[in-house]
Each structure stands twice: as structure tokens, then as C-alpha cells.
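Let us walk through this structure together, one stop at a time. Please keep the sequence beside you as you read.

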Amino acid sequence: MIKKDTQYFKEKLEKEKKILEDELGTVGQKRDGKDPAWEATSGTMEVDTADENEVADKLEELEENELILGQLEKQLNEVKAALERIENDTFGICEISGGPIENDRLEANPSARTCVKHMNQH
Ligand SMILES: [Zn+2]
């Protein structure tokens, strides 16, 4: 992969990382230096509520947020891993065959780890 392309995908990945972090911020809270780094929150409702229905809604919302947060965090980790591959000069290389990943595929998903042929084997 030539340097110019790597820079282009790096910018794309940085943008995606920012978007994912913003989205994570709407369903959870970042916990600095802790693992997992993100914790789901239940959003807008009052914390001290005696209403049983509201408590149930709140729990439901928290569960939903946990699911969304889990998916977003997974995507974020993929983006971070791709940025690391750029740093290590292994970006754009299929993890299975060691061959180049198609540009179209990287365009659609810059954090792809494999070429099109091996995408289901990952
Ligand atoms: Zn491959």
C-alpha cells in the first residue's frame, strides 16, 4: 500500500473513531484507565424515582444501552486496531492470506482485517 492511501484511510479511521466515541457518549460513560473503558448509563431519567413503572423503563433502557454500547465498543476496537496496523505498516494486508486487501473493501470498511475472499473465514 502506498503512503498516500494509508494517510487517506488513517483520516477516515480517525473520523470514524470520533463518531463512535460520540455515539458511545450518548449511551454510556467513559471510565478513564478502567477496563472495560465504557459503562452503559440509563440516559435521561431521574435517578431517584419511586415509581415502579419508571424503574422498569429505566432498567429496560439500561439493558438496551448496554447492547448498543457493546456493539459500538467492538467497532471502536476494530477501528483502533486498524489505526495500530497503520502505525505498524501492516494496514491493508489480509490476516489470513497475507495478500493485499482490495481498495473497494477498505473504502467501504477501513477497519477490514481480511480481503473479500477471506472475509467469512475471519
Ligand atoms: Zn485473504
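Along the chain, the donors of the zinc ion are spaced as C-x2-S-x17-C-x2-H; donors are N, O and S atoms within 2.8 Å of the metal (3.2 Å for Na, K and Ca), and because water is not among the atoms, sites may look incomplete. The protein donors are Cys94 (SG), Ser97 (OG), Cys115 (SG) and His118 (ND1), lying 1.8 to 2.5 Å from the zinc ion. Helices (H or I, at least four residues) and strands (E, at least two) are DSSP runs, numbered from the N terminus. The angles among the four donor atoms run from 87 to 124°, and the site is tetrahedral, a label given to four donors if all angles lie between 85 and 135 degrees. For four tetrahedral donors, the ideal angle at a metal is 109.5 degrees. Cysteine 94 and cysteine 115 are both buried (under 20% relative accessible area; exposed means over 50%, and partly exposed is in between, with a 1.4 Å probe and protein chains only).

A word on the model: it is predicted, with local features needing pLDDT of at least 70 and side-chain atom pairs counting only at pLDDT 80 or more, while totals for chains, interfaces and linings use all residues. Residues are numbered from 1 along each chain as its sequence is written, and side-chain values use heavy atoms, leaving out hydrogens and water.

Next, look at arginine 105 in helix 3. Leaving aside neighbours within four places in sequence, arginine 105 is in contact with Ala112, Thr114, Cys115, Val116 and Met119, where contact means heavy atoms within 4.5 Å. Cys115 is also one of the zinc donors.

Now turn to helix 1 (residues 3-27), where phenylalanine 9 is found. Phenylalanine 9 is buried, with a relative accessible area of 1%. Asparagine 103 is 94 residues away from phenylalanine 9 in sequence, yet the two are 10 Å apart in space, C-alpha to C-alpha.

Finally, two backbone details. Most residues other than glycine have a negative phi, and most peptide bonds are trans. Aspartate 89 is not a glycine, but has a positive phi of about 65°; this residue is exposed, with a relative accessible area of 57%. A cis peptide bond, with omega about 0°, joins aspartate 35 and proline 36.

How values were computed
Four donors count as tetrahedral if all angles lie between 85 and 135 degrees; four count as square planar and six as octahedral if opposite donors are over 155 degrees apart and all others between 65 and 115; anything else is irregular.
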